[in-house]
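This note was prepared for a colleague reviewing the model. Please read the points beside the sequence and the coordinates.

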Amino acid sequence: MTIEVAEQPKVTVVETMPDRLALPVWTLIAPGLGLVAVLFGLAKMGSIGTAAAIVVLIASVLAAVHHAEVIAHKVGEPFGTLVLAIAVTVIEVSLIVSLMLSDAGDAAALARDTVFAAIMIILNFIIGLCLLAGAVRHHEQRFTLKGMSAALGVLAAMSVLSLILPNYTSSTTGPTYAPSQLVFVAIVSLVLYGTFVLVQTVRHRDYFLPSAEDLETQAHAAPPSQRATGIAFGMLLAALVSVVLLAKTLSPTIEAAVLGAGLPLAVVGVVIAALVLAPESLAAYKAARRNRLQTSLNLALGSALATIGLTIPSVAIVSLVLDLPLALGIDAKGMTLLALSLFVATLSLGTGRTTVLQGVLHLVIFAAYLFTTVVP
């Protein structure tokens with residue numbers, strides 16, 4: 001006689017995330033310290049003050065990453081990555097516009113240099129670092145191909161319309177758009193970005209979600225409470241404001257150091273973009289190390305799209321309303337590197353699987369961009 005024993009249902013053990021663990025004390029203190037440092041002009045208090053301001057800036061970046069992760073865990077993908085992408089881009093727009101209104105360097109080219117630097121940092125440094133770090137730890141990583149193909153297609157169109165086409169229009173001389181052309185490109189950028197967000201969050205949300213198997217492995221912690229999420233959202237805004245205001249305060253020091261070292265002024269745009277993108281870079285890197293490459297790529301490409309889709313229309317409005325000069329077209333060297341980056345990204349993310357090779361390849365292209373910016 002065979003006795004069949006009914007299989008016991010699997011019990012999923014869910015770890016809780018108490019508020020005190022979701023929101024460590026240092027993540028609540030750092031944004032406040034950043035605002036205090038800005039209020040009292042810490043960066044202007046000599047070398048020691050500048051060094052202290054840099055430490056506070058780094059702490060604010062780390063706090064922003066932590067709070068963004070708490071919010072992302074609560075709202076789920078792909079909304080979580082969208083929160084950080086839009087928040088950081090809004091801060092980037094504020095920083096660029098404030099510097100355009102000041103006498104910092106070449107204001108006409110500052111937006112172009114910063115946007116181009118942000119795209120190169122995202123496409124090559126952030127994606128390359130994530131692919132390399134994830135592959136070193138997990139050998140081969142997977143992601144949803146359809147979502148990445150859609151993002152790269154939109155990014156290619158927006159990049160060419162914003163940064164390359166101005167060099168070949170004949171209504172104005174130089175790398176600029178006529179006012180009507182600037183309005184058209186700003187509207188097109190908003191339409192493309194808005195359509196992408198609609199596809200990402202509503203119509204084809206599954207294109208940007210990890211596979212079911214990955215979701216099972218990763219869903220090990222209970223979402224934070226409403227209270228913790230609300231506090232995290234407020235602290236995220238405070239941390240991002242601290243980052244941008246500290247970056248703005250430090251920008252004259254950075255600009256003086258760049259010019260004092262005999263480097264091109266375009267390096268200032270690279271530094272500004274790197275500071276603003278620091279929270280997303282760290283969040284994407286940590287996600288890749290946890291074998292969540294889909295989240296890393298959502299963060300990176302979503303941020304690149306937000307950078308063009310929100311920054312270009314914003315600076316276009318400021319330029320038109322205040323009658324400020326705005327040069328958008330990049331030079332031949334920049335066009336070559338941008339085309340190479342988009343081409344390689346299409347190949348690297350064209351199979352749904354990545355190894356260390358793709359990571360190293362993107363980092364080498366970023367090194368070439370950085371080197372030719374410093375030594376043009």
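The numbered points below go from the overall fold to single helices and residues.

1. Basis of the note. The model is predicted: local features need pLDDT of at least 70, side-chain atom pairs count only at pLDDT 80 or more, and totals for chains, interfaces and linings use all residues. Residues are numbered from 1 along each chain as its sequence is written, and side-chain values use heavy atoms, with hydrogens and water left out.

2. Overall composition. The protein comprises 13 helices and 2 strands; helices (H or I, at least four residues) and strands (E, at least two) are DSSP runs numbered from the N terminus. Of its 376 residues, 50% are buried, where buried means under 20% relative accessible area, exposed over 50%, and partly exposed in between (1.4 Å probe, protein chains only). Considering contacts (heavy atoms within 4.5 Å) between residues at least 6 apart in sequence, 85% join residues at least 24 apart.

3. Helix 6 against helix 7. Helix 6 (residues 145-164) packs on helix 7 (residues 179-203) at an angle of about 170°, and their axes are 10 Å apart. The two helices are therefore roughly antiparallel. Here axes are lines fitted to C-alpha atoms, for helices over the stretch in contact, and angles run from 0 to 180 degrees between N-to-C directions. Angles under 35 degrees count as roughly parallel, over 145 as roughly antiparallel, 65 to 115 as roughly perpendicular and the rest as oblique.

4. Residues at that contact. From helix 6, Ala151, Val154, Ala157, Met158, Leu161 and Ser162 meet Val185, Val188, Ser189, Leu192, Tyr193 and Phe196 of helix 7. By class, the contact of helix 6 with helix 7 has 10 nonpolar, 2 polar and no charged residues. In this scheme Ala, Val, Leu, Ile, Met, Phe, Trp, Tyr, Cys and Pro count as nonpolar, Asp, Glu, Lys and Arg as charged, and the others, Gly among them, as polar. The buried residues of helix 7 include Val185, Val188, Ser189, Tyr193 and Phe196.

5. Ser162, in helix 6, is buried, with a relative accessible area of 1%. Beyond its neighbours within four places in sequence, Ser162 contacts Val185, Ser189, Ile308, Ile312 and Leu328. Leu145, also placed in helix 6, is partly exposed at 31% relative accessibility. Leu145 touches Leu349, Gly350, Thr351 and Gly352, residues up to four places away in sequence not being counted. The C-alpha atoms of Leu145 and Arg353, 208 residues apart in sequence, are 8.7 Å apart.

6. Helix 9. The 35 residues of helix 9 (residues 226-260) should span 51 Å at 1.5 Å a residue, and the 50 Å between its end C-alpha atoms agrees; the expected span is 1.5 Å times one less than the number of residues. Helix 9 bends by about 40° at Leu250, with the proline Pro252 following within four residues. The bend at a residue is the angle between axes fitted to the seven residues ending there and the seven starting there. Just after helix 9, Gly262 has a positive phi of about 75°.

7. Helix 10. A kink of about 55° lies at Leu277, shortly before Pro279. Within helix 10 lies Ile272, which is buried at a relative accessible area of 6%. Ile272 and Leu95, 177 residues apart along the chain, have C-alpha atoms separated by 8.6 Å.
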